[in-house]
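Subject: Handing over the structure

Hi,

Here is the structure I promised to pass on. Have a look at it before you read my notes.

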Amino acid sequence: MRVAVTGGKGGVGKSTVAYNLGAVTDAVVVDGDLGMADLPGSAGPDLHDVLADRADPVEAVREGGPVDMLPCGRSLAGARAANVRGLVDAVRSVERAYGDVVVDCPAGLAADAGMPLLAADRTVLVALPDAFALPDALRTRALARELDAGLAQVVLNRTGTNPPRAAVERALGAPVTTVPESDPLARATATGQPVTATAPDSAAAEAFHALAAAITPPRRGARRTRRGR
Amino acid sequence: MVELDVQTERRDCVTFVAATVRNDGRTGRRVTLRTGLDPVWPPRRQGVPAAGWSGDRVTLTVAAGRERGVGFATPAAPDEPVLTVVEAVAVAGDEECREPTPEHVVRALGDPTPPADAVPVLGTDAATTEEEPR
């Protein structure tokens, strides 16, 4: 499974959703935000180096943290040296070696946001309930469909008491998972931990388990096999 | 050669059919699927049935070693054969190339690489890009 976590808009919580979804599905999270990486990083080769042909994608995966990560560099020089065309092959290499991959997409709709959709086989679209940017979401959905990464689930993030679940489901034609506004989640994110580790019984942790179950329906006829590891 | 995996879900008197077509062969194949369910509500783009749909049939090209998804909805209960492979003919190499490639994505959406001017060059003009001393 190769999931792109996208949203069109910035600041809706794509990285938080990608990181926690990676924790729940035991996937490698690829920080695909080439210009503004914000997932936890560390020293060593990163996605910029991979896309500049200076490092092997599988060797750039960091194990040992709470979530296996392929982090992204934060320098403009690194972003300039990176060739986004290589992302598709890099994601496939990581999938072959590790199994499931979750790609955190950048905001916007330039090629750096489109390439993860080409690399993925399904898309999770993150939106906020009060600032629901429908045109952005529709454009992202159309692009995901063209690139064969159909919209599997919409995440309404930071919802209050009465999320507009039905309206969003109708507008986007995809099932909705709501992630409630949550102190445990905010605390976990601030310390670079998945909420499923710090507060496994919280509503937010339950929401990410529900999201993982929704995008990986039990398949008839074909069994998924995990390779590598 | 071509493996079809079909799932159905019935919700609010509508059957949603989701299928993947996997091509394990060494050449791309143009696969035609047929459904016994009637009527068929195919996916639509701008109000018209998506490319490949015609009545109770849908045709799609699956590159060698790849899989593609297809789906539709119907008010009918999923009793009839939901989807069957009618035909899977090998296609020539250039027809496979219509699949989007990274190059297509960059051409359609624009190269996101920051311009050279935006990248500070160490040593030479670093002073002009750094903040003024306080």
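Below is what I found, starting with how to read it.

Keep in mind that this is a predicted model, where local features need pLDDT of at least 70, side-chain atom pairs count only at pLDDT 80 or more, and totals for chains, interfaces and linings use all residues. Residues are numbered from 1 along each chain as its sequence is written, chains are lettered from A and ligands numbered from 1 in the order in which they are written, and side-chain values use heavy atoms, with hydrogens and water left out.

Chain A as a whole

Chain A has ten helices and seven strands. Both are DSSP runs numbered from the N terminus: helices are H or I with at least four residues, strands are E with at least two. With a radius of gyration of 16 Å, close to the 17 Å that the globule rule gives for 229 residues, chain A is as compact as a globular protein of that length. (That radius is taken over C-alpha atoms, and the rule is 2.2 Å times the number of residues to the power 0.38.) Its C-alpha trace spans about 50 × 45 × 35 Å along the principal axes.

Of the 229 residues in chain A, 52% are buried. Here buried means under 20% relative accessible area, exposed means over 50%, and partly exposed is in between, using a 1.4 Å probe and protein chains only. As for contacts (heavy atoms within 4.5 Å), take those in chain A between residues at least 6 apart in sequence: 72% of them join residues at least 24 apart.

A closer look at A:D104

A:D104 sits in strand β4 (residues 101–104) of chain A. Is A:D104 buried or exposed? A:D104 is buried, at a relative accessible area of 0%. A:V17 is 87 residues away along the chain, yet the C-alpha atoms of A:V17 and A:D104 are separated by 8.5 Å.

The sheet in chain B

In chain B, three strands make an open antiparallel sheet in the order β1-β2-β8; strands pair if DSSP finds at least two bridges between them. β1 (2–11) and β8 (67–74) of chain B are the edge strands, each pairing on one side only. Ten bridges link β1(B) with the antiparallel β2 (residues 14–23) of chain B, and B:V6 is opposite B:A19 in β2(B).

The loop between β1 and β2 of chain B holds B:D12. Phi of B:D12 is near 50 degrees, positive although the residue is not a glycine, and B:D12 is exposed at 73% relative accessibility. A:D26 lies in the loop between α1 (14–25) and β2 (28–31) of chain A and is partly exposed, at 41%.

Finally, B:D38 and B:P39 are joined by a cis peptide bond, with omega about -5 degrees. B:P39 is in the loop between β3 (29–34) and β4 (44–45) of chain B.

Cheers
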